[in-house]
Amino acid sequence: MKNLLRKAVLLLLFTVCGTIANASDVTPRKGVIRVKVQPQVALQLGTTPRMMANGVLKTGIAPFDVAAGKVKARSIKRAFPYAPQYEAQMAKSGLDRWYEVEFDESINPMEAASVFRNTIGVQTANCKVPMVLLEGEGAFKKVDMSAVTRSSDLPFNDPRLSAQWHYNNDGSLAGSKAGADINLFEAWKTTTGTKDVLVAIIDGGVDLTHEDLKGNMVLNEAEANGTAGVDDDGNGYIDDVNGWNFCTNSAEIYPHSHGTHVAGTVGAVNNNGIGVCGVAGGDGTEGSGVSMISCQVFDPRSGSGEGDFAAAIVYAAHRGASIAQCSWGWATPDYKEQDVLDAIDYFVKNTRSEKLTGGVMFFATGNNGDTGKYYPAAYDKVVAVGSMTSDYRVASYSNYGDWVDVMAPGGLLDYGDHGGVLSTLPDDSYGYNEGTSMACPHVSGVIALGISYAKKLGKKFTREDFTSMLLTSVNDIDQYLTKGTKKYYNLSSY
């Protein structure tokens, strides 16, 4: 009887932390949870952070204060910053009702979530479990750019384009099969991307000064031309000229290898005579090439090394991104947190651009090599991207199954660096890596091309239009599959 009771308690704790998960796999951050309160409670809590005074946190809401006392709460603040321009929109989606509670680290976060979940006026509560980047286990493999010459039969003059088999695979790479790519050269005959399409790189910080990226990184003109120290565009962030660092809660974007690498695949500048090409990197003419913004959620200099993923997603929506590129996720299958899912719901519903109603989010499926559902990729509002190698096969590390929406080249370094995905790295360098992290930005870039082409057509599409076109116009590669699933495709017919 005692063991059954203990199991019941554990089940309750893990349910309030997120969803049910294996205790050995889930380690929540200490001293912090998020709670979603009822509308009337949110009105009373307001937008001003509440701090502990004389050892006690008081909000004036009796049940809430009792719960705060039980967990030795130190502060409570809005999870999503007050943004005058977007308050009505956030309230409609319930984002204004999410609050972050900081409390004594001696209190088990799962117990704290349980206390608040059972408090009158609280709709739900969840812990914050760290995310992981979905790159390969090895380090990035840098390449020597000093002795590279371009091939005259390629579309653009970027010297390393010939090594980017993942764009156009002619089968010359050892062990590869011709056509195991995204058929990008054909797509470039139609469009190479346009500046009015904004892609949010929600990842480690992008190297904003990189020679092959800076031309496609967008400035926040309202802040760049505004008053220092003032939130000129009313989005809740001050002086966010180049994006925002959600790890340090500042406007300083710190260059990060992973973030810079995925950004290069989406939109490294094309036809500039240096480095590599991006899927939607333009053709070298004015106005071509997608725009990108860095929303930094991984920074090794910060205490935990990661930032606020939910806030970064909402920020991207407010900046007008049509696409969110996300190569990260929780490391435990079936685990998810409602504040992050609510942020995703907000992005896909509320993002608006000239040619697209709603936003499209892409998530890497993870590198566990199994069929477990890994979130956020497994969430039905996003596109889950698995990884294939240069011979059409599912990469050995890639998660797979019916919940995966599409497969793209993610590379494999087992038989040499050249089997990986080549892209940009900080400090004007370049290198290879593997992973579903590397597959995901290919699909983000493809959709960026699709939205750019919509401009030429003079049509406006919905998010559902584009995701449907993506998932119904890919190549079926069942003949190459060995993992017992029929839900894998590449993008070569898109």
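## The largest pocket

A pocket is an open set of grid points, on a 1 Å grid over the protein atoms alone, with protein on both sides within 12 Å along at least five of seven lines. In this predicted model, the largest pocket has a volume of about 750 Å³. Its lining is made up of 34 residues, and those closest to the centre are Arg34, Lys77, Glu100, Asn249 and Asp308.

By residue class, the lining of the largest pocket holds 16 nonpolar, eight polar and 10 charged residues. Several secondary-structure elements each give at least two residues to this lining: the strands β1 (32–37), β3 (73–78), β4 (98–103) and β9 (243–245), and the helix α9 (309–318). The largest share comes from α9, with three residues.

Aspartate 339 belongs to helix α10, which covers residues 338–350. This residue counts as buried because its relative accessibility is 0%, and the cut-off for buried is under 20%. Leaving aside residues up to four places away in sequence, aspartate 339 touches Arg34, Phe80, Trp98, Asn126, Lys128 and Ala310.

## Other salt bridges

Side chains of opposite charge can pair when their charged atoms come close. The structure holds 15 salt bridges. One of them joins the side chains of aspartate 240 and arginine 319, with an N to O distance of 3.9 Å. This pair links distant parts of the chain, 79 residues apart: aspartate 240 is in the loop between α7 (221–224) and β9, and arginine 319 is in the loop between α9 and β11 (323–326). Aspartate 240 is buried, at 0% relative accessibility. Arginine 319 is buried as well, with a relative accessible area of 15%.

A salt bridge also forms between lysine 381 and aspartate 345, where the closest N and O atoms are 3.2 Å apart. Lysine 381 sits in the loop between β14 (360–364) and β15 (383–388) and aspartate 345 in helix α10, so the pair ties together parts that are 36 residues apart in sequence. Lysine 381 is partly exposed, at a relative accessible area of 30%, and aspartate 345 is partly exposed at 22% relative accessibility. In a further salt bridge, the side chains of glutamate 464 and arginine 463 meet at 3.2 Å, N to O. Here glutamate 464 is partly exposed, with 46% relative accessibility, whereas arginine 463 is buried, with a relative accessible area of 11%.

## Helix α5

Helix α5 runs over residues 109–117, and its buried residues include Pro109, Met110, Ala112, Ala113, Ser114 and Phe116. The N-terminal end of α5 is capped by asparagine 108. In this cap, a side-chain oxygen of asparagine 108 lies 2.8 Å from the backbone nitrogen of methionine 110, a residue that is itself buried.

Methods. Residues are numbered from 1 along each chain as its sequence is written. This is a predicted model: local features need pLDDT of at least 70, side-chain atom pairs count only at pLDDT 80 or more; totals for chains, interfaces and linings use all residues. Side-chain values use heavy atoms; hydrogens and water are left out. Helices (H or I, at least four residues) and strands (E, at least two) are DSSP runs, numbered from the N terminus. Buried means under 20% relative accessible area, exposed over 50%, partly exposed in between (1.4 Å probe, protein chains only). Contact means heavy atoms within 4.5 Å. On a 1 Å grid over the protein atoms alone, a cavity is a set of points where a 1.4 Å probe fits but cannot get out, and a pocket is an open set with protein on both sides within 12 Å along at least five of seven lines; lining residues have an atom within 4 Å of a point. Grid points are joined across faces, edges and corners, and a volume is the space filled by probe spheres set on the points. Ala, Val, Leu, Ile, Met, Phe, Trp, Tyr, Cys and Pro count as nonpolar, Asp, Glu, Lys and Arg as charged, and the others, Gly among them, as polar. A salt bridge is a side-chain nitrogen of Lys or Arg within 4 Å of a carboxyl oxygen of Asp or Glu. A polar contact is a pair of N or O atoms within 3.5 Å; within protein, one must be able to donate a hydrogen and the other to accept it, and residues adjacent in sequence count only if both atoms are side-chain atoms.
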